[in-house]
Amino acid sequence: MNEENELSYFKGGLAIGVSLGIISGIASTLWYQKKRTLDADLVLENVKNAFLKEGPIEGSWIEFEKKPLRKFAVHSKTYNGGISRLEDGVMVQYEFIADAFTGTVIDVKRIKD
């Protein structure tokens, strides 16, 4: 009878340990997904693909260092980059700011010569 109690305690402790392990694993995965940023190369490829829908591009660049951006109450980290292409025989350059977490383009500016 004493062995049955010890086995019961062991099973209970094992069940609690496994449950805590699963819960902490799920919580840490969700936290990591929220804090993870996209690779700068992937963000640049997405921006280039959007520009390619309107015509060919000549060059592109992106800064790998994430920079903080604050617009009113919203705080985020961003990548800065640029695209150049020919428009009506003239080289035109664009600068963009993209969210590092989602890859969404926040702003695009045409650089005036």
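**From helix to loops**

Val 18 sits in helix α1, residues 2–35. Helices are DSSP runs of H or I with at least four residues, strands are E runs of at least two, and both are numbered from the N terminus. The model is predicted: local features need pLDDT of at least 70, side-chain atom pairs count only at pLDDT 80 or more, and totals for chains, interfaces and linings use all residues. Residues are numbered from 1 along each chain as its sequence is written, and side-chain values use heavy atoms, leaving out hydrogens and water.

Val 18 is partly exposed, at 46% relative accessible area. Buried means under 20%, exposed over 50%, and partly exposed lies in between (1.4 Å probe, protein chains only). Patch residues have over 30% relative accessible area and no salt bridge; nonpolar side chains (Val, Leu, Ile, Met, Phe, Trp, Tyr) are joined within 5 Å, like charges within 9 Å. A salt bridge puts a side-chain nitrogen of Lys or Arg within 4 Å of a carboxyl oxygen of Asp or Glu.

A positive patch also forms, from Lys 34, Lys 35, Lys 66 and Lys 77. Lys 66 lies in the loop between β1 (59–62) and β2 (67–71). Lys 66 is partly exposed, at 34% relative accessibility.

Now the backbone. Phe 72 is in the loop between β2 and β3 (74–87). Its phi is positive, near 60°, though Phe 72 is not glycine. Phe 72 is exposed at 77%. Asp 88 falls in the loop between β3 and β4 (90–99). Asp 88 has a positive phi of about 55° and is exposed at 84% relative accessibility.

Notes:
Accessible areas come from the Shrake-Rupley method with a 1.4 Å probe; for residues, only the protein chains shown count as cover. Lys and Arg count as positive and Asp and Glu as negative; His and the chain ends are not counted. The place of a charge is taken as NZ of Lys, CZ of Arg, CG of Asp or CD of Glu.
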